[in-house]
Amino acid sequence: MTLKVTGAEHGSWAVLHISGELDLVTSPAVRQHVHNAVADGRHRVVLDLSDVLFCDSSGVGVLIAARRLMRSCQGSLRLILPARGAIDGSHVNRVLAALGVRRLFEVFPDVDTAVDDTAQSLSA
């Protein structure tokens, strides 16, 4: 399966919807989309991972690098993992938890919540 990244703007947030597999082959494309958003002056980025079916260590590396980039420009990075992830666990949620890095990210169940500045992140 290939990777598909589509972008949208929600107020001050740039939302990148990612679907498919986030792996060694596809991770550079996600990294480039995040860098492009920052180059366009967007310092508030949401990565919607609700349709990511597979994520390996290189995908996790891209998420951590995106977090580092956003922090370096005083920006914010939020991840969307499906609400059902809290119950039966989305693949990305399980990978992040297994690697012990889930707590590094602000995670939300959907786009509307992720772009709401008053919303609270889901607990790790």
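Of the 31 residues in the largest nonpolar core of this predicted model, Leu47, Leu49, Leu63 and Leu79 touch the most other members. A nonpolar core is here a set of buried Ala, Val, Leu, Ile, Met, Phe, Trp, Tyr and Cys residues joined through side-chain atoms within 4.5 Å, where buried denotes under 20% relative accessible area, exposed over 50%, and partly exposed in between (1.4 Å probe, protein chains only). At least two residues of this core come from each of strand 2 (13-22), helix 1 (27-39), strand 3 (44-55), helix 2 (57-72), strand 4 (76-80) and helix 3 (91-98). The most is given by helix 2, with 6 residues. A second, separate core comprises 9 residues, among them Trp13, Val15, Ile80 and Ala114. With neighbours within four places in sequence left aside, leucine 79 is in contact (heavy atoms within 4.5 Å) with Leu47, Leu49, Leu63, Leu96, Phe105, Glu106, Val107 and Phe108.

The model being predicted, local features need pLDDT of at least 70 and side-chain atom pairs count only at pLDDT 80 or more, whereas totals for chains, interfaces and linings use all residues. Residues are numbered from 1 along each chain as its sequence is written, and side-chain values use heavy atoms, with hydrogens and water left out.

The protein chain contains 4 helices and 5 strands, these being DSSP runs numbered from the N terminus (helices H or I, at least four residues; strands E, at least two). Their order along the sequence is β-β-α-β-α-β-α-β-α. For 124 residues, a compact globule would have a radius of gyration near 14 Å, and the 13 Å of the protein chain agrees with this; the radius is taken over C-alpha atoms, and the globule rule is 2.2 Å times the number of residues to the power 0.38. Along the principal axes, the C-alpha atoms fill a box of roughly 35 × 35 × 25 Å. Of the 124 residues, 46% count as buried. Among contacts with a separation of 6 or more, 69% are accounted for by residues 24 or more positions apart.

The protein chain exposes about 6,400 Å², of which carbon and sulfur atoms supply 52%; accessible areas come from the Shrake-Rupley method with a 1.4 Å probe. There are 12 positive and 13 negative side chains, and the centres of the two sets lie 8 Å apart. Lys and Arg count as positive and Asp and Glu as negative, without His and the chain ends, and each charge is placed at NZ of Lys, CZ of Arg, CG of Asp or CD of Glu.

Several individual positions were also examined. Serine 12 lies in the loop between strand 1 (4-10) and strand 2 and is partly exposed, with a relative accessible area of 36%. Apart from neighbours within four places in sequence, serine 12 is in contact with Arg42 and Arg44. Although serine 12 and aspartate 117 are 105 residues apart along the chain, their C-alpha atoms are separated by 10.0 Å.

Helix 1 holds alanine 29, which is partly exposed at a relative accessible area of 36%. From C-alpha to C-alpha, alanine 29 and leucine 81 are 20 Å apart in space and 52 residues apart in sequence. Asparagine 36 also lies in helix 1; its C-alpha atom is separated by 27 Å from that of serine 90, 54 residues apart along the chain.

Most residues other than glycine have a negative phi. Glutamine 74, although not a glycine, has a positive phi of about 55°. Glutamine 74 is located in the loop between helix 2 and strand 4 and is exposed, with a relative accessible area of 71%.
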